[in-house]
Amino acid sequence: MPPYSLVDLHTHSTASDGTLSPTALCQRAAAAGIRTLALTDHDTTEGLAEAGRAAAELGIDFVTGVEISVGWNSQTLHIVGLAIDPRNRMLQEGLAGLMVFRDWRAQEIGRRLAKMGILEAHAGAMTYAKGRMVGRAHFARWLAEQGYCPDPRSAFGKYLGRGCPACVGGDWASLAEAVTWILDAGGRAVLAHPGRYRLSGARMRALLREFCDNGGSAVEVISGSQAAADTPHFVRLAREHGLAGSIGSDYHGPELAYTDMGRLPPLPTGLTPVWEDIGEAKIRGKMNTMC
Ligand code: AMP
Ligand code: MN
Ligand code: MN
Ligand code: MN
């Protein structure tokens, strides 16, 4: 068996666009050999209390998390917050604002699809979101189920992805806001899946400088949603900027084509693991009452 990372600091549940409940996600993580798990739902901390309880029962270390949607120079970026206190007011007010935008955007996606002759998409997506965070993945599942595309992934290529007719620009958080909310909540900010952004080398460095200046801690050098061949490049960039490294599968559920939990390589040597720092916070007792 190749050496796998026992740490997974980027996953999703039904609190956002994952398909497993927080409890089922923790059970699957434990079965996959994960010892330290973060739940990082998009713009919400709703699943953390349940996941924290399930992880404790299963004997795995649980790290509170969130994945914040950020607009940066006409790009959408994702910033993962780890070891956050979900009761933090600044964080929750920030996330509430993003939810207002999400609800409007979902309606706008519905209107744009209706213009293309695809009716009732908003209502359809809402049946998948079940009153929780609504995102493009819920539209993608409905579009596939209705036969508008062969699978949810292809809905992004045809309708929902960048440059597509139902792609609605984002009024997300700024990079400074997202990092500030995370820090105010006592957490560490991690640049999620850097391999997924379309940025030149110079722009990526500008992003990392701004991220550092605002108090960012780490880069996800290994992600289930970016190519493994990218890892050495992002390790170099992290080191250059004095940032720690993180690992996350970005798991969304068994029926979706994401890397499974427990199948990522360990962090390369020469990089500080972001969870070492989090481990210390835990030992200092800061996280004991968080969920
Ligand atoms: P949202 O935050 O609502 O814009 O949705 C972003 C989510 O959509 C991502 O976290 C993925 O779950 C999903 N997603 C984005 N692009 C793709 C893609 N090309 N294929 C499959 N899922 C995607
Ligand atoms: Mn997602
Ligand atoms: Mn993401
Ligand atoms: Mn994610």
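**Reading a metal site and a ligand pocket**

Modeller: Let's start with the manganese ion (ligand 3): its protein donors are Glu 67 (OE), His 78 (ND1) and His 193 (NE2), at 2.1 to 2.2 Å from the ion. Keep in mind that this is a predicted model.

Biologist: How are the donor residues of this manganese ion spaced in sequence?

Modeller: A donor is an N, O or S atom within 2.8 Å of a metal such as this one. Here the spacing reads E-x10-H-x114-H. His 78 belongs to strand β4 (residues 75–82), while His 193 sits in the loop between β5 (188–191) and α8 (201–213), so the pair ties together parts that are 115 residues apart in sequence.

Biologist: What separation is there between this ion and the manganese ion (ligand 2)?

Modeller: The two ions, ligand 3 and ligand 2, are 5.9 Å apart.

Biologist: Now for ligand 1. Which side chains have polar atoms close to its oxygen atoms?

Modeller: For a polar contact, look for a pair of N or O atoms within 3.5 Å. Arg 105 has a polar side-chain atom 2.5 Å from an oxygen of ligand 1, and for Arg 136 the distance is 2.7 Å. In His 252, a side-chain N or O atom is 3.0 Å from a ligand 1 oxygen. The protein covers 82% of the 500 Å² of accessible area that ligand 1 has on its own.

Biologist: Where does ligand 1 sit, and which elements give two or more residues to its shell?

Modeller: Ligand 1 takes up the space of the largest pocket. Helices α3 (89–115) and α6 (152–160) each give two or more residues to the shell. By type, the shell has 2 nonpolar, 3 polar and 5 charged residues; among them are Asp 17, His 42 and Phe 156.

Note on methods. Residues are numbered from 1 along each chain as its sequence is written. Chains are lettered from A and ligands numbered from 1 in the order in which they are written. This is a predicted model: local features need pLDDT of at least 70, side-chain atom pairs count only at pLDDT 80 or more; totals for chains, interfaces and linings use all residues. Side-chain values use heavy atoms; hydrogens and water are left out. A residue is near a molecule or strand if one of its heavy atoms lies within 4 Å of it. A polar contact is a pair of N or O atoms within 3.5 Å; within protein, one must be able to donate a hydrogen and the other to accept it, and residues adjacent in sequence count only if both atoms are side-chain atoms. Accessible areas come from the Shrake-Rupley method with a 1.4 Å probe; for residues, only the protein chains shown count as cover. On a 1 Å grid over the protein atoms alone, a cavity is a set of points where a 1.4 Å probe fits but cannot get out, and a pocket is an open set with protein on both sides within 12 Å along at least five of seven lines; lining residues have an atom within 4 Å of a point. A molecule sits in a cavity or pocket if more than half of its atoms lie within 2 Å of its grid points. Helices (H or I, at least four residues) and strands (E, at least two) are DSSP runs, numbered from the N terminus. Ala, Val, Leu, Ile, Met, Phe, Trp, Tyr, Cys and Pro count as nonpolar, Asp, Glu, Lys and Arg as charged, and the others, Gly among them, as polar. Donors are N, O and S atoms within 2.8 Å of the metal (3.2 Å for Na, K and Ca); water is not among the atoms, so sites may look incomplete.
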